[in-house]
Amino acid sequence: MEKLIITCAITGAEVTKLNNPSVPYTADEMAQSAWEAAREGASVIHLHAREDDGTPSFRRDRFDELIRAIRAKCPDVIVQVTTGGAIGMSREERLTPIALHPEMATLDCGTLNFGGDDIFVNTENDIKYMGAALESMRIPKELECFEKGHLDTVLRLVRQGFLHPPLHFSFVLGVNGGMTGEERDFLFLKDSVPPGATFSVAGIGRFEFPLAESAIRHGGHVRVGLEDNIFIEKGVLTRSNGELVRKVAQLAQRLGREIATPDEARAILGMEKRHD
Ligand code: KMH
Ligand code: ZN
């Protein structure tokens with residue numbers, strides 16, 4: 001089986017230090033957290049920007065500062081910026097980090113309720129526009145799908161010539177409003193992935209580790225991190241992103257799946273290295 005790519009979503013936009021004091025906000029905290037995740041086996045860092053007080057940010061200078069801080073501490077790791085941002089950000093705000101020519105970026109592939117009154121808006125035109133922006137800059141995209149219709153949208157946009165391979169899917173499962181993180185739902189999605197495409201799974205909350213195990217068994221890749229889950233086990237807050245990654249790495253070792261280095265992850269995803 002292909003080596004396992006572990007992505008760590010170190011901070012996100014929704015979770016705060018009130019939820020778990022280990023959520024990183026500052027450049028130093030982000031770099032330290034990324035370094036710990038990389039040390040434990042993460043080859044990709046999924047990055048949202050925060051201001052020092054934790055407010056989600058789309059400022060280009062802030063992304064620049066955070067990416068530089070992470071690279072200074074872990075030069076090899078793949079930094080994957082979000083273009084999902086936070087609920088309520090505009091399309092243009094969400095695209096600001098791509099001006100920095102990141103090595104990879106997410107592309108969110110459909111609209112969904114996001115708990116309470118929140119709606120995470122990704123219209124078909126948003127997907128076409130943002131996908132074209134990424135592809136024109138040759139920035140590899142991670143296709144975030146929160147339910148099956150999102151995957152079907154990607155396949156249709158590929159057929160229609162709006163999106164192009166390589167296709168790397170990220171199934172984010174267990175959001176209130178999206179598909180659940182039951183294994184049955186993940187298996188349905190992974191069986192719908194076309195030949196030649198790769199996929200990763202991010203289970204929200206209590207789904208994080210059961211879905212990680214299922215993905216490891218079924219040849220998929222795994223995302224963990226404080227953006228998705230704040231507990232290392234039921235009722236116990238995790239001490240760090242590194243601790244979440246370590247738990248997946250141990251699971252992989254137990255199941256006989258080797259872990260990819262950042263360069264091996266680049267090869268699996270068909271990416272060129274874009275920085276020194
Ligand atoms: N913060 C969520 C509304 C992404 O990073 O591409 C969207 C999100 C997706 O986290
Ligand atoms: Zn995200």
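# A barrel, its helices and a zinc site

Let's start in the sheet. Strand β5, residues 78-81, and strand β6, residues 104-108, pair in the parallel sense over two bridges. Two strands count as paired if DSSP finds at least two bridges between them. V81 has its bridge partner in β6, and that partner is A105.

A word on what you are looking at. This is a predicted model, where local features need pLDDT of at least 70 and side-chain atom pairs count only at pLDDT 80 or more, while totals for chains, interfaces and linings use all residues. Residues are numbered from 1 along each chain as its sequence is written, chains are lettered from A and ligands numbered from 1 in the order in which they are written, and side-chain values use heavy atoms, with hydrogens and water left out. Helices (H or I, at least four residues) and strands (E, at least two) are DSSP runs, numbered from the N terminus.

Now the whole barrel. Eight strands form a closed barrel with parallel pairing. The order is β1-β2-β5-β6-β9-β10-β11-β12. On average, neighbouring strands of this sheet are turned by 25 degrees against each other, direction ignored. Helix α6, residues 183-190, packs on the sheet. The helix touches β10 (168-173) and β11 (198-203), and its direction makes about 160 degrees with that of β10. Contact means heavy atoms within 4.5 Å. The axes are lines fitted to C-alpha atoms, for helices over the stretch in contact, and angles run from 0 to 180 degrees between N-to-C directions.

Stay with β10. How many of its six residues are buried? Six of the six, so β10 is largely enclosed by the rest of the structure. Buried means under 20% relative accessible area, exposed means over 50%, and partly exposed is in between, with a 1.4 Å probe and protein chains only. In a regular strand, side chains alternate between the two faces of the sheet. Here, H168, S170 and V172 point one way, and F169, F171 and L173 point the other way. On one side in the sheet, β9 and β10 pair in the parallel sense over four bridges. E144 stands opposite S170 in β10.

Next, helix α5, residues 148-159. The helix has 12 residues and reaches 17 Å from its first C-alpha to its last, close to the 16 Å expected at 1.5 Å a residue. The expected span is 1.5 Å times one less than the number of residues. The buried residues of α5 are K148, H150, L151, T153, V154 and L157. They pack against β7 (112-113), α4 (124-136), β9 (141-145), β10 and α6. At the N-terminal end, E147 caps α5, with a side-chain oxygen 2.5 Å from the backbone nitrogen of G149. Just after the helix, G161 takes a positive phi of about 85 degrees.

Compare helix α8, residues 241-254. Its 14 residues should span 20 Å at 1.5 Å a residue, and the end C-alpha atoms are 20 Å apart, which agrees. Its buried residues include L244, V245, V248 and L251. What covers the buried residues of α8 includes β1 (6-9), α1 (27-40), α7 (208-217), β12 and β13. S240 caps the N-terminal end, with a side-chain oxygen 3.4 Å from the backbone nitrogen of G242. Just after α8, G256 takes a positive phi of about 75 degrees.

Now the metal. Which residues are the protein donors of the zinc ion, ligand 2? They are H46 (NE2), H48 (NE2) and E227 (OE), 2.1 to 2.2 Å from the ion. Donors are N, O and S atoms within 2.8 Å of the metal (3.2 Å for Na, K and Ca); water is not among the atoms, so sites may look incomplete. Along the chain, the donor spacing is H-x1-H-x178-E. H48 lies in the loop between β2 (44-47) and β3 (49-50), and E227 in the loop between β12 (221-224) and β13 (231-233), so the pair ties together parts that are 179 residues apart in sequence. H48 is buried at 5% relative accessible area. E227 also counts as buried, at 18%.

Last stop: N122, in the loop between β8 (119-120) and α4. N122 counts as buried, at 3% relative accessibility. Its side chain makes a polar contact with the side chain of R94, at 2.5 Å. A polar contact is a pair of N or O atoms within 3.5 Å; within protein, one must be able to donate a hydrogen and the other to accept it, and residues adjacent in sequence count only if both atoms are side-chain atoms. The side chain of N122 also reaches the backbone oxygen of G110, at 3.1 Å.
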